[in-house]
There are 2 protein chains.
Amino acid sequence: MAAPRMLQVAIPIFKDVTALDFVGPYEPLHALPNVNVVFVSHSKGLCDADQALSFQATATFDEIPSPDIIIVPGGKGTNALMTDKPLINWLRKAHETSMYTTSVCTGSMLLGAAGILKGLEATTHWMLMETLPKFAAKPVKSRVVQQGKVITAAGVSAGIDMGLKLVALLSDEKTAKVVQLLLEYDPQPPFSCGSPATAGPELVAIALALAEKNMPELKHEGAAILEN
Amino acid sequence: MAAPRMLQVAIPIFKDVTALDFVGPYEPLHALPNVNVVFVSHSKGLCDADQALSFQATATFDEIPSPDIIIVPGGKGTNALMTDKPLINWLRKAHETSMYTTSVCTGSMLLGAAGILKGLEATTHWMLMETLPKFAAKPVKSRVVQQGKVITAAGVSAGIDMGLKLVALLSDEKTAKVVQLLLEYDPQPPFSCGSPATAGPELVAIALALAEKNMPELKHEGAAILEN
């Protein structure tokens, strides 16, 4: 059997990215021997997820023009990048030749800004579902939404589920199952409150108030979720 | 109400650490306003999780002698550290004054090497359960095992479950629930095979063979799991 061809996975990182958004899909994809992951940014060097945690970008956008797979993480930092030409132009161009273009959490906002979600069903963090129509996308309350080569995942931890789905798409179901076992991904959340539906209105209101303090631009969408 | 006192969380990082092992508990803990996370290592600077992903250690072991919470991640790199005096001595000493001393995945091997698991129930990655008695620990097949102030989590992704448990212990259940909702931790693994019991013997054998290629020292324990 011929060895499968090498696949390049590009993960754009930026100031105030949420680490779990990209480490979640990184771990399963990185387990494939024919996958090479590159962390791209405006310039090479350290990128602060926040004050405590910094990662290394190993390539610039220019150096990685046509990755096979694009994974756009989210986080507080996405808002500042909605009109960032180097990133948005890179996304738009790289998407033309990608096998899969994907996002986790508010990374979908950047796909939207690049025009990639136009006319597609998509998901994002539950707080921002109402924002998707701004990009001509149809919000779907699912953990992972695939529309052809565009795959979007829900908030933060949903990137793990999407990462395993990608592994299955890039190899086969059996390989994806082995990877899930290697990561011992047999989740047992301590509570049953990981989505607005299971958490109920009181916890949703507290979560929104907290998020709005950090991301005032959420206010409008938050109001829609609370149905005030 | 008085503001809760600041808590220092120390996460030792090292070459060939598994990123998800520590990013999993990092995200929920870091959501608490009174938590300050520090990434510690032998020296400050970049630390390679592997060829693709590097993180920044922001403090040396000497600079963080008595953190409130210790989270020891695992990964391929743990084996080389089993007799690493600076790390093991730091762990042993820091454990004397910690509120909680915890591990994810093969991080438990380092707790074991520091004598911290002696006489305690503990867990680790499913591949290494048989190793725990070497450290006078009693292996328990649970996602998260708490024995007083010592908490161990199963493989890789189990750190998220442990992180949320820690949040509940350090604040209260309601806060932990809000954090779970903010991380949209409503996991929906694509397959039901995240543990040896659900995966079955064929997938377990493939996973072990793959792991043994990367970590030959697993061979003995692997054999025990397969009951050859």
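Residues 8-168 of chain A are 27% helix and 27% strand, and the end C-alpha atoms of the span lie 16 Å apart; helices (H or I, at least four residues) and strands (E, at least two) are DSSP runs numbered from the N terminus. An unreviewed UniProt entry places the feature "domain: DJ-1/PfpI" at these residues, in the numbering used here, with a shortened name and an annotation that may be inferred rather than shown by experiment. This is a predicted model, in which local features need pLDDT of at least 70, side-chain atom pairs count only at pLDDT 80 or more, and totals for chains, interfaces and linings use all residues. Residues are numbered from 1 along each chain as its sequence is written, chains are lettered from A in the order in which they are written, and side-chain values use heavy atoms, without hydrogens and water.

**Extent of the interface**
- Chain B has 60 residues in contact (heavy atoms within 4.5 Å) with 60 residues of chain A.
- About 5300 Å² is buried between chain B and chain A, 68% of it from carbon and sulfur atoms; buried area is the accessible area (1.4 Å probe) lost on putting two parts together, summed over both.
- B:L181, B:E184 and B:F191 lose the most area in chain B to chain A, together 14% of what that side buries.

**Salt bridges**
- The two chains share 2 salt bridges (a side-chain nitrogen of Lys or Arg within 4 Å of a carboxyl oxygen of Asp or Glu).
- A:K174 forms a salt bridge with B:E202, with the closest N and O atoms 2.4 Å apart.

**Contributing elements**
- Elements giving two or more residues to the side of chain B that touches chain A include α1 (19-30), β2 (35-41) and α7 (201-214) of chain B.
- α5(B) gives the most to that side, with 8 residues.
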